[in-house]
Amino acid sequence: MDRFPEACVERTVEWVDTDASGHQHNSAILRWVEAAEAELFRSLDLPDYFPSAPRVQQVINYKAKLWFGQRITATVKISALGRTSLTMDFKVTSDGGDVAAFGTVTTVHVPSGATSAEPWPEHFVRRITARDGT
C-alpha cells in the first residue's frame, strides 16, 4: 500500500552501537529508527511533530545480528493515521539486505499544554495523506 509516506537512513554500526558480544545493542535499533523518523517528518515539513508526539507503544522483533563496521538501512513507513494516533512500521536491514529487526512505533498527538491526546491538526493530516507522485 502506497497511501502513506516513508523515509530511510543509512548508517554504519559504530563501536558505541555494540554490546560486549560485539553485535548491535538493542537500543541502537531504536536510535536508527528515530533517525529515519526524523528524516520522514523533515521531508514532510512537519517540525511540530516531535514536541507533540510521545510514544505510547514500541514493538521490536530482532531477527539477526549487526556487527561493528557493517552498513545498515533503517526504513520507517506510516502504516496508520488515526484521529489522535499514528503508527509507523519499521525495518532495519543489513548491507546484504537481510532484515535484522522490524516492528512498529505508535505515537499520539499531545499538543503543548495538553494533558491527553487530541486530534491531529488539519495541516498535519493533509501532509501525511497528500501524495505528490515522488
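1. Burial and surface. In this predicted model, buried residues account for 40% of the 134 residues in the protein. The protein exposes about 7400 Å², and 51% of that area is supplied by carbon and sulfur atoms.

2. Overall dimensions. A compact globule with 134 residues would have a radius of gyration near 14 Å, and the 16 Å of the protein agrees with that. Along the principal axes, the C-alpha atoms fill a box of roughly 45 × 35 × 20 Å.

3. Charges. The protein carries 14 positive and 17 negative side chains. The centres of the two sets lie 3 Å apart.

4. Secondary structure. There are two helices and five strands. Their order along the sequence is β-α-β-β-β-β-α. Of the contacts with a separation of 6 or more, 68% are between residues 24 or more positions apart.

5. Strands S1 and S3. Strand S1 covers residues 6–12 and strand S3 covers residues 71–81. The two run antiparallel and are joined by seven bridges. Threonine 12 stands opposite arginine 71, a residue of S3.

6. Strands S3 and S4. Strand S4 spans residues 85–94 and pairs with S3 over nine bridges, again in the antiparallel sense. These strands form a hairpin, with three residues between them. Within the pairing, isoleucine 72 faces serine 94 of S4.

7. Strands S4 and S5. S4 also pairs with S5 in the antiparallel sense, over nine bridges. Threonine 87 has threonine 106 in S5 as its bridge partner. The hairpin of S4 and S5 has four residues between the strands, and glycine 97 there takes a positive phi near 95°.

8. Strands S2 and S5. S5 has a further partner in S2: the two pair over seven bridges in the antiparallel sense. Here glutamine 57 stands opposite threonine 106 in S5. S5, residues 99–108, is mostly covered, with seven of its 10 residues buried.

9. Serine 85. This residue belongs to strand S4. Its relative accessibility is 26%, so serine 85 counts as partly exposed; buried would require a value under 20%. Leaving out residues up to four places away in sequence, serine 85 touches Ala80, Thr106, Thr107, Val108 and Trp120. Phenylalanine 50 is 35 residues from serine 85 in sequence, and the C-alpha atoms of the two are 13 Å apart.

10. Serine 94. Serine 94 is likewise found in strand S4. Serine 94 counts as buried because its relative accessibility is 11%, and the limit for buried is under 20%. Not counting residues up to four places away in sequence, serine 94 touches Leu66, Gln70 and Arg71.

11. Aspartate 95. Aspartate 95 is located in the loop between S4 and S5. With a relative accessible area of 55%, aspartate 95 is exposed, as the limit for that class is over 50%. Apart from neighbours within four places in sequence, aspartate 95 is in contact with Gln70 and Arg71. Its C-alpha atom is 7.4 Å from that of threonine 73, which is 22 residues away along the chain.

12. The loop between H1 and S2. Helix H1 covers residues 26–43 and strand S2 covers residues 55–62, and aspartate 45 lies in the loop between them. Most residues other than glycine have a negative phi.

13. Proline 51. The loop between H1 and S2 also holds proline 51. Proline 51 has a relative accessible area of 68% and is exposed. The C-alpha atoms of proline 51 and serine 112 are separated by 7.6 Å, while the two residues are 61 residues apart along the chain.

Key. Residues are numbered from 1 along each chain as its sequence is written. This is a predicted model: local features need pLDDT of at least 70, side-chain atom pairs count only at pLDDT 80 or more; totals for chains, interfaces and linings use all residues. Side-chain values use heavy atoms; hydrogens and water are left out. The radius of gyration is taken over C-alpha atoms; the globule rule is 2.2 Å times the number of residues to the power 0.38. Buried means under 20% relative accessible area, exposed over 50%, partly exposed in between (1.4 Å probe, protein chains only). Contact means heavy atoms within 4.5 Å. Accessible areas come from the Shrake-Rupley method with a 1.4 Å probe; for residues, only the protein chains shown count as cover. Lys and Arg count as positive and Asp and Glu as negative; His and the chain ends are not counted. The place of a charge is taken as NZ of Lys, CZ of Arg, CG of Asp or CD of Glu. Two strands pair if DSSP finds at least two bridges between them.
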